[in-house]
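Morning, everyone. Let me put the model on the screen, and then I'll walk you through it.

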Amino acid sequence: MRLGLLEADKLRPASFIVQQMECWILSVCRVCNDEDMTDYDQLLAASRLESDAYLGNIEFWKRAWKAVKEPCAQLPDLPYLSSIPARLAGCGAKNVLDLGCGGGWLSIYLARHNFSVTGVDVAEKALEFARQWSDREGLSVNFDLGDVTHLPYLPGSFDAVLANSMFDHLTKELAYTLVVRLKEILCPGGTLFACFDKVGGGPGEYCTLPDGTHGYADNTRRGMLLRYYSDTELMDLFSCWTIIECSTLESGSRILWARS
Ligand SMILES: C[S@@+](CC[C@H](N)C(=O)[O-])C[C@H]1O[C@@H](n2cnc3c(N)ncnc32)[C@H](O)[C@@H]1O
């Protein structure tokens with residue numbers, strides 16, 4: 001267990017940082033320091049940490065969206081955005097799933113381009129904003145409240161799935177589980193688009209989980225999981241997919257197109 005401290009926090013005593021941590025971090029820090037533990041105990045502790053961290057992340061997003069007073073109803077200025085509809089259409093996609101759709105901008109953008117869109121997010125408030133936006137535009141988008149790690153859709157439900165800044169907020173194990181599940185809910189040869197943000201480097205206090213994912217502990221991002229994937233890790237994560245493109249943008253974000 002490592003505590004990752006960024007520049008602004010290096011001057012603070014470690015005890016201060018530790019005090020800021022939630023119980024889920026503290027309990028495992030204690031467990032991991034126990035020299036009497038067997039490997040099995042340590043594995044159990046790690047999996048408990050993963051599941052507590054996972055729940056902490058969900059709570060973070062619900063809280064974060066609840067705090068939003070004025071929803072943003074504008075498309076972000078992303079260099080790859082305008083190419084998405086044409087690429088999806090080029091793959092013959094019609095039914096698309098927007099994972100972790102947030103306030104709905106990508107779902108709405110694709111609905112404007114006549115795709116049949118389902119957006120799924122764990123935060124009810126985000127979906128409320130997304131529905132209001134799509135209603136204002138007279139679009140028909142299906143926004144579902146749900147967890148991407150327990151997707152309820154039938155096999156072959158979608159031609160394409162999109163995950164913009166979504167995988168970054170899962171532990172490695174959950175990400176691996178998700179990519180397998182996505183292959184099931186996609187039709188054969190279905191398409192995946194994902195954007196992995198350039199994460200890390202900002203101010204904040206975090207704990208590094210055994211799999212390398214950061215669990216934030218500062219007031220603003222308490223509970224949020226953030227994981228950086230190296231290029232090699234990305235290739236490994238999608239090794240059972242056919243990768244069409246994996247490129248790095250000027251911003252450092254990476255985009256990936258793959259086929260199931
Ligand atoms: C960084 S935001 C990205 C939102 C949107 N895709 C975008 O690009 O602006 C991550 C989104 O994923 C949602 N989210 C996080 N964990 C989730 C989970 N396990 N299941 C469903 N949604 C989740 C959050 O509520 C949030 O809206």
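How many helices and strands are there in the protein chain? Eight helices and eleven strands. Those are DSSP runs, H or I of at least four residues for helices and E of at least two for strands, numbered from the N terminus.

Ground rules. This is a predicted model: local features need pLDDT of at least 70, side-chain atom pairs count only at pLDDT 80 or more, and totals for chains, interfaces and linings use all residues. Residues are numbered from 1 along each chain as its sequence is written.

Confidence next. pLDDT is the predictor's confidence in each residue, from 0 to 100. The protein chain averages 85, and 80% of the residues score at least 70. Residues 1-34 stay under 50. For that stretch the model has 43 contacts beyond four places in sequence. A contact means C-beta atoms, placed from the backbone, within 7 Å. Where pLDDT is low, the predicted coordinates should not be read in detail.

Now the overall fold. Take contacts between residues at least 6 apart in sequence: 67% join residues at least 24 apart. Of the 260 residues, 36% count as buried. Buried means 20 or more other C-beta atoms within 10 Å of the residue's own, exposed means 12 or fewer, and partly exposed is in between, with C-beta atoms placed from the backbone.

On to the ligand. Which residues are closest to the ligand? Trp61, Gly100, Gly102, Val122 and Asn164, in a shell of 17. The shell test is a C-beta atom, placed from the backbone, within 6 Å. Helix H3, residues 39-66, gives the most to that shell, with three residues. By class, the shell has eight nonpolar, seven polar and two charged residues. Nonpolar is Ala, Val, Leu, Ile, Met, Phe, Trp, Tyr, Cys and Pro; charged is Asp, Glu, Lys and Arg; the others, Gly among them, are polar.

Look at helix H6, residues 124-136. Ala126, Leu127, Phe129, Ala130, Trp133 and Ser134 are buried there. They cover an arc of only 160° around the axis, so they sit on the same side of H6. That arc is taken from the directions from the helix axis to the C-beta atoms. The face turned away carries exposed Glu124, Asp135 and Arg136. After H6 comes glycine 138, with a positive phi near 65°.

Last stop, threonine 208, in strand E7, residues 205-208. Why does threonine 208 count as partly exposed? Because it has 13 C-beta neighbours inside 10 Å.

Notes. Contact = placed C-beta atoms within 7 Å. Expected span 1.5 Å × (residues − 1).
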